[in-house]
Amino acid sequence: MKKYRRTFVDDPLVIDSFESIERYLIELLERKLDSLEALKKWLKDKSELEAVIEEEMAWRYIRMSIDTTNDSFQKAYTFFVTEIQPKLAPIDDQLNKHFMGASFLSELEKDPAYAIHIRSVKSQLELYREENIPIQAYLSEKTQEYGAISAAQSIEHNGAQLTMQKAAILLKEQDESLRKVVFEKMATRKHQDDKALNELYSELVKKRTELAINAGFENYSDYKFKQMGRFDYTKESCFDFHEAVETHIVPLVKKINEAKLEKMSKDKFKPWDTAVDPEGKAPLKPFKTGKEMLDGTVDVFNKIKPEFADFLKTMEKMEHLDLESKPGKAPGGYNYPLYETGAPFIFMNSVGSQNDLTTMIHEGGHAVHSFLTHELELTAFKNFPSEIAELASMSMELLIRMD
Ligand SMILES: [Zn+2]
């Protein structure tokens, strides 16, 4: 991969305090935007700085989620969100104002790409409240507790300690007594954290509501819609969709489940019956190791477009993959874009199941999107809302039908 050459920010730059980035911010704030060229150059420099800062934040987040038990990783992330970001936020707001006050803005707005960016800057300005800075810092730190609590969960089975992801694949086995034992062990372990998770969630709801009210909203959903750049639909559209699912999809699911019960010769599902194949088929075990899953995915991507396979191979070479479930690892999966490097990072918890393949292909779709958008002019252009991001990943899933 061709390395991006910095023209504004020092290379290398160690970001270990707010002071290490402050002078770039001040220079941007003081710079005169007296021509269209100057305005474009300013955006480009700001974009370079943003890519450097966001990539620093990304690595701190990635390392922490891979090993939630590592104290120094957790401290490095916490330092960033509680010491650097809160000092960055008010300057960012001033930079937004500086940009919106530029006399050549209307000229720039004629280009649709910039028009979309300007729309999102306006929205950021409307949402900004100084009193929300400490709340945002607190939330960034607090939301990590879910990952750490979940990562610490495991069960003992047949003398081995299994992560929850590894235990869950046993729920697909045909042997019902095995499923029951594993399910009960998992449920017992999860119940131990009921209190901690309930308290965490209640606290987050409280703080998020506070954040929304400070910004002039009635509730967090309305605030979040604006913050996530959803200009084309409202939360009411989502409620309508929920209703449509209830009316049309739920009856279908009931019918499918009745047919399943009949095949299993049961009147009612037990909680350990939901993952098993009703026709008595053994669970699919498409691969054993993360490496095997990756190689298979590279082959599949190669059939769609060789370039897509090359992207995954590049990530492997750069060690931008952490695929297997292991103790202490946060749950879930993500593709984290690295705006300066261009090659993103894929994190997931694979255990050898069919679902993992779907996740790998999904995250791989995001990764292809990251590579293909790398050449776009501004970091802000690559920072798309989730509706656009999921278009790439879900399309990849649809292209690669596996059932
Ligand atoms: Zn996704």
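Reader: Where is Glu-319 found?

Author: Glu-319 sits in the loop between α14 (306-317) and β3 (321-324). Helices (H or I, at least four residues) and strands (E, at least two) are DSSP runs, numbered from the N terminus. Residues are numbered from 1 along each chain as its sequence is written.

Reader: And what's the phi of Glu-319?

Author: Phi is near 60 degrees there, a positive value in a residue other than glycine. Most residues other than glycine have a negative phi, and most peptide bonds are trans. Ser-265 also has a positive phi, near 50 degrees. Ser-265 lies in the loop between α12 (235-263) and α13 (290-304), and Ser-265 is exposed, with 7 other C-beta atoms within 10 Å.

Reader: You mentioned peptide bonds. Which one is cis?

Author: The bond from Asp-11 to Pro-12 is cis, with omega near 0 degrees. Pro-12 is in the segment before α1 (19-30).

Reader: Is this model predicted or something else?

Author: This is a predicted model: local features need pLDDT of at least 70, side-chain atom pairs count only at pLDDT 80 or more, and totals for chains, interfaces and linings use all residues.

Reader: OK, zooming out. How many helices and strands are there?

Author: The protein has 17 helices and 5 strands. Its radius of gyration is 24 Å, close to the 22 Å that the globule rule gives for 403 residues, so the protein is as compact as a globular protein of that length. That radius is taken over C-alpha atoms, and the rule is 2.2 Å times the number of residues to the power 0.38. The C-alpha atoms fill a box of roughly 75 × 50 × 45 Å along the principal axes.

Reader: How much of the protein is buried?

Author: Buried residues are 24% of the 403.

Reader: Now helix packing. How do α13 and α14 cross?

Author: Their axes come within 5 Å and cross at roughly 150 degrees. α13 and α14 are therefore roughly antiparallel to each other. Axes are lines fitted to C-alpha atoms, for helices over the stretch in contact, and angles run from 0 to 180 degrees between N-to-C directions. Angles under 35 degrees count as roughly parallel, over 145 as roughly antiparallel, 65 to 115 as roughly perpendicular and the rest as oblique.

Reader: Which residues make the contact?

Author: Among them are Leu-294, Val-298 and Phe-301 of α13, plus Phe-308, Ala-309 and Leu-312 of α14. Two residues are in contact if their C-beta atoms, placed from the backbone, lie within 7 Å. The residues of this contact divide into 8 nonpolar, 2 polar and 2 charged. Ala, Val, Leu, Ile, Met, Phe, Trp, Tyr, Cys and Pro count as nonpolar, Asp, Glu, Lys and Arg as charged, and the others, Gly among them, as polar.

Reader: What about α15 and α17?

Author: The axes of α15 (residues 354-373) and α17 (residues 386-399) come within 7 Å and cross at roughly 130 degrees. That makes α15 oblique to α17. Their contact includes His-362 and His-366 of α15 and Ala-392 and Met-396 of α17. Its residues divide into 5 nonpolar, 8 polar and 2 charged.

Terms used
A residue is buried if 20 or more other C-beta atoms lie within 10 Å of its own, exposed if 12 or fewer, and partly exposed in between; C-beta atoms are placed from the backbone.
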